[in-house]
Amino acid sequence: MNKQELIEIIAKKNELSKAKTLEILNCTIETIKTSLKKNQRIQLVGFGTFLVRQRKARQGRNPKTGETIQISAKKVPAFSAGSELKKFLN
């Protein structure tokens, strides 16, 4: 499912225009991104938690040359599924 298909389903189920649904979805995504940038967790009970994880610096290898390279530390977004979502899928 892509973003446009999601918008169509939400709009139909809630009797909203696609434009309004797009606005709401974009606002939701932007709020999640902004919160993650501030290193905040977003917990949606029953669905899951969005969070930021820190990856340590490490050594890697250039697959072309075999040369050892240094990979710097970085933050990565993560999602942890909630128990209700896990039960629903199984």
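**Fold and burial in a predicted protein chain**

Me: What percentage of the 90 residues in the protein chain is buried?
Reply: The model is predicted: local features need pLDDT of at least 70, side-chain atom pairs count only at pLDDT 80 or more, and totals for chains, interfaces and linings use all residues. Residues are numbered from 1 along each chain as its sequence is written, and side-chain values use heavy atoms, with hydrogens and water left out. Buried means under 20% relative accessible area, exposed over 50%, and partly exposed in between (1.4 Å probe, protein chains only). Of the 90 residues in the protein chain, the buried share is 19%.

Me: Which residue in the turn between S1 and S2 has a positive phi?
Reply: Strand S1 (residues 42-44) and strand S2 (residues 48-55) run antiparallel and are joined by three bridges; two strands pair if DSSP finds at least two bridges between them. The bridge partner of Leu44 in S2 is Gly48. S1 and S2 form a hairpin with three residues between them, and the turn residue with a positive phi, of about 90°, is Gly46.

Me: Which residue in S5 is the bridge partner of Val52?
Reply: S2 also pairs with strand S5 (residues 74-81), to which eight bridges join it in an antiparallel arrangement. Within S5, the bridge partner of Val52 is Pro77.

Me: Is Val76 buried or exposed?
Reply: Val76 is found in strand S5. Leaving aside residues up to four places away in sequence, Val76 touches Leu51, Val52, Arg53 and Arg55, where contact means heavy atoms within 4.5 Å. With a relative accessible area of 16%, Val76 is buried.

Me: What is the relative accessible area of Thr49?
Reply: Thr49 lies in strand S2. Not counting residues up to four places away in sequence, Thr49 touches Arg41, Ile42, Gln43, Ala78, Phe79 and Ser80. Thr49 is buried, and its relative accessible area is 9%.

Me: How many Å separate the C-alpha atoms of Val76 and Glu15?
Reply: Glu15 is found in the loop between helix H1 (3-13) and helix H2 (18-37), and counts as exposed at 76% relative accessibility. Glu15 has a positive phi of about 50° although it is not a glycine. Val76 and Glu15 are 61 residues apart along the chain, and their C-alpha atoms are separated by 36 Å.

Me: What value is phi of Asn39 near?
Reply: Asn39 is placed in the loop between H2 and S1, and counts as partly exposed at 48% relative accessibility. Most residues other than glycine have a negative phi. Asn39 is a residue other than glycine with a positive phi, near 65°.

Methods. Helix = DSSP H or I, 4+ residues; strand = E, 2+ residues; numbered from the N terminus.
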